[in-house]
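Hi there,

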Amino acid sequence: WYEIVAGILPGVANPFGDPAPYGEVRFDSDKPMEICFQSQPTASDCDFRSPQLSNSVSLTGDGISGAITADSNTLLAEPDGFCSSPGAVGDFVFFDNNANGRINGADTAIEGVLVTIWDNNDGDGIQAPTEWFNDATTDADGEYDFTGLFPGDYCVTVEPISTGTHLAGDHSKSLPFCFTLGDGEVRDDIDFGYVPLATIGDTVYLDNDGDSSQGGSEPGIAAASVSLYAGNCPGDLSTLTGPLQTTATDANGAYLFDG
């Protein structure tokens, strides 16, 4: 949604400039909008035009307080003085370091993440090329915000983060998160938490003395195949799933799984 407020004060230069002089508002948009005209007293020497709007709402030398809405190129008159209050959406993107789905002292902000909001007017929760959208980037505190939003259905999502896996919880919303925004409503609770990715690795070696610990004279085994599984190991091997990843040891017998 967009809001355009046009008000000319006596003796104040036209704020719109060419090619829209004397307070004429000209715009193109593929999105429904609300246009509010704020009444201001005018002086006879202000040279203030009185253009006629296509729904018979007009600006005069004395100003007007009213609103029109445009949807699918059709203008519909609204009662004088009507103007919805814009709302806002935002909050945090963070590393959920203890993986509890909540924001607490153990968690850290994620800076530079792209967050997208779009007008979910068809209710399917999928961003279509024809639906209005806007982007924001999280700051050093992991914060983002979208302002000037009018009532309607929206979805918010976050670009994939290579260093973490999204985890929904009490504070962390699902991806995408879709909701209805009321008139003038502020949603400052739309957080997204990510569990940092871990690394697993060590060495495959020849245990010459059988003590399950690599000693200085026990060499690593190169080119050994190592696979990563998920499950309760070694408690219940029947729960294992995978392999999730497979790698080979290097010349020193070292291996590493990350991501």
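Below is what I found, going from the whole chain to single residues.

**Overall**

Please keep in mind that this is a predicted model. The protein chain has zero helices and 18 strands. Of its 259 residues, 30% count as buried. The accessible surface comes to about 14,500 Å², and carbon and sulfur atoms account for 50% of that area. If you take the contacts between residues at least 6 apart in sequence, 58% of them join residues at least 24 apart.

**Charged residues**

Side chains of opposite charge can pair when their charged atoms come close. The count here is two salt bridges.

One of them joins D170 and R102, with 2.9 Å between the closest N and O atoms. This pair ties together distant parts of the chain: D170 sits in the loop between strand 11 and strand 12, while R102 belongs to the loop between strand 5 (87–95) and strand 6 (108–109). The two residues are 68 apart in sequence, yet their C-alpha atoms are 5.7 Å from each other. Leaving out neighbours within four places in sequence, D170 is in contact with G101 and R102. D170 counts as exposed because its relative accessibility is 56%, above the 50% cut-off. R102, at 36%, is partly exposed.

The other pairs D189 with R187, again with an N to O distance of 2.9 Å. Here D189 is partly exposed at 31%, whereas R187 is buried, with a relative accessible area of 15%.

There is also a negative surface patch, formed by E111, D139, D141, E143 and D145. From this group, D145 lies in strand 9 (residues 143–149) and is exposed, at 51% relative accessibility.

**A buried asparagine**

Which residues does N120 touch, not counting those up to four places away in sequence? They are G125, I126, E131, D153, Y154, C155 and C178. N120 itself is found in the loop between strand 7 (114–119) and strand 8 (133–137). Its relative accessible area is 5%, so N120 falls under the 20% limit and counts as buried.

**Backbone details**

A cis peptide bond joins L175 and P176, with omega at about -10°. Another cis peptide bond joins G242 and P243, where omega is about 10°; P243 lies in strand 17 (residues 241–248).

Positive phi values turn up at two residues that are not glycine, D91 and S212. For D91, phi is about 160°. D91 is part of strand 5 and is buried, at 13% relative accessibility. For S212, phi is near 60°. S212 is found in the loop between strand 15 (199–203) and strand 16 (225–230), and it is exposed, at 66%.

That is everything from my side for now. Happy browsing!

Best wishes

Key: Residues numbered from 1 in each chain as written. Predicted model: local features only at pLDDT ≥ 70, side-chain atom pairs only at ≥ 80, totals over all residues. Heavy atoms only, no water. Helix = DSSP H or I, 4+ residues; strand = E, 2+ residues; numbered from the N terminus. Buried < 20%, exposed > 50% of the residue type's maximum accessible area, 1.4 Å probe, protein only. Contact = heavy atoms within 4.5 Å. Patch = residues over 30% accessible without salt bridge, like charges linked within 9 Å, V, L, I, M, F, W, Y side chains within 5 Å. Areas by Shrake-Rupley, 256 points an atom, 1.4 Å probe, with all protein chains shown as cover. Salt bridge = Lys/Arg side-chain N within 4 Å of Asp/Glu carboxyl O. Lys, Arg positive; Asp, Glu negative; His and termini not counted. Charge placed at Lys NZ, Arg CZ, Asp CG, Glu CD.
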